[in-house]
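Please look through the structure below.

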Amino acid sequence: MQIKRLQLKNWKNFRDIDINLDNRVFIVGPNAAGKSNFLDVFRFIREIAKETGGGLQKAVKDRGGLTKIRCLAARQNPDVEIDIEVDDEDTTWRYFLSIKQEKGGKNPVVVAKEQVWKNKTMLIDRPDKDDKNDDKRLTQTYIEQINANAQFRELAIFFEKTLYLHLIPQLIRHSQEFIGYERSDDPFGKNFLQHIAKTPSPTRDARLRRIEQALRIAVPQFKELKYIKDDEGKPHLETSYDNWRGKDAKQREEQFSDGTLRLIALLWSLQEGEALLLLEEPELSLNTAIVEQLPELIFRIQAKLKRKRQVIMTTHSIDLLNAKSIGGNEVFLLSPDREGTSVRNVSSLTEVQAMLAGGFSVGEIIKPIIKPKNLNQLVFEFE
């Protein structure tokens, strides 16, 4: 499955957007433009759809309530609307959700409208007769209810399996020191090693072999990557390096560099399943030369999968965007203003089309566009 179209109204930074998405998507823009908030709409739907995720009410509560979700520029129609179109070979799904809050700040969020389409047939259209007879039903979506989503459960499962990754190396190295920090989706990698341990050994070994091959190219003197357990049964990653002594130098994950840990996690996640993958600034801590190769690396791993995995990522890296394999149709520019953030496909910008045709990379074109105005004055503020 692949998300082909996304429409948002009053979602965080975005008052009104309607865009078509490709198999590989790069989200760019200045700081505070809403790049993370763009990814969060897919995480929001995932948390609603998860069988043990708490549904609509928890997903809203975890974000501070509807007032924190609703765009500040919302006016006549204050409802938050999410409209997602998903292609699955010969089937097109569409999921529409509109939510609002009844008058009174302590009232729960309710479903203003929920629709599900399969091809051109509408399967669900709420509020329905039962909702009108019992308005408490509108505190839950149908997509979160097993007894209500039978007709479109494969769509619910697709949303539920969405993976978001923004690995924090310190959480992997010192996971025992972050007691009490637990999230079921583990977006920051605290339980990354336990996740590897739970993977069936043939699959785990095959993935680690591919990662090992990549690290031999990317990391100087790197020789071998192994999955091991210590005397207490705790899982570890162990690497070995060539050195002047002639005996391999071994390290465990607590000694890995930030860049090595993030690269391992990135390469692992790209091989893991076919669900939508959301990446937050994958270039962090990586060598510039490796960053330049990431788009092609993602493409090649996608090509190896039986069904292409859609990857949507945010980035600040001009080096990443300089990759010649990136087309303007894959890049979306976020531009904030007083009326909310607009989202434009780079290939649709007239001034960009000629430059792309002239051989300029997306990074070369985007850099002056996303540069904050009067940035040169920044250093003078501290004189």
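Helix α12 (residues 350-357) packs with helix α13 (residues 362-370) at an angle of about 150 degrees, and their axes are 10 Å apart. Axes are lines fitted to C-alpha atoms, for helices over the stretch in contact, and angles run from 0 to 180 degrees between N-to-C directions. Helices (H or I, at least four residues) and strands (E, at least two) are DSSP runs, numbered from the N terminus. Therefore α12 and α13 are roughly antiparallel to each other (an angle over 145 degrees).

On the α12 side the contact (heavy atoms within 4.5 Å) is made by Val352, Met355 and Leu356, which meet Val362, Ile365 and Ile369 in α13. The residues of this contact of α12 with α13 are six nonpolar, no polar and no charged; Ala, Val, Leu, Ile, Met, Phe, Trp, Tyr, Cys and Pro count as nonpolar, Asp, Glu, Lys and Arg as charged, and the others, Gly among them, as polar.

The model is predicted: local features need pLDDT of at least 70, side-chain atom pairs count only at pLDDT 80 or more, and totals for chains, interfaces and linings use all residues. Residues are numbered from 1 along each chain as its sequence is written, and side-chain values use heavy atoms, with hydrogens and water left out.

Six strands form an open sheet in the order β2-β1-β4-β5-β6-β7, with antiparallel pairing (at least two DSSP bridges between two strands). Its edge strands, β2 (14-20) and β7 (121-126), each pair on one side only. From one strand to the next, the twist averages 10 degrees. Helix α1 (residues 35-49) packs on the sheet and touches β1, β2, β4 (80-88) and β5 (91-101).

Notes. Angles under 35 degrees count as roughly parallel, over 145 as roughly antiparallel, 65 to 115 as roughly perpendicular and the rest as oblique.
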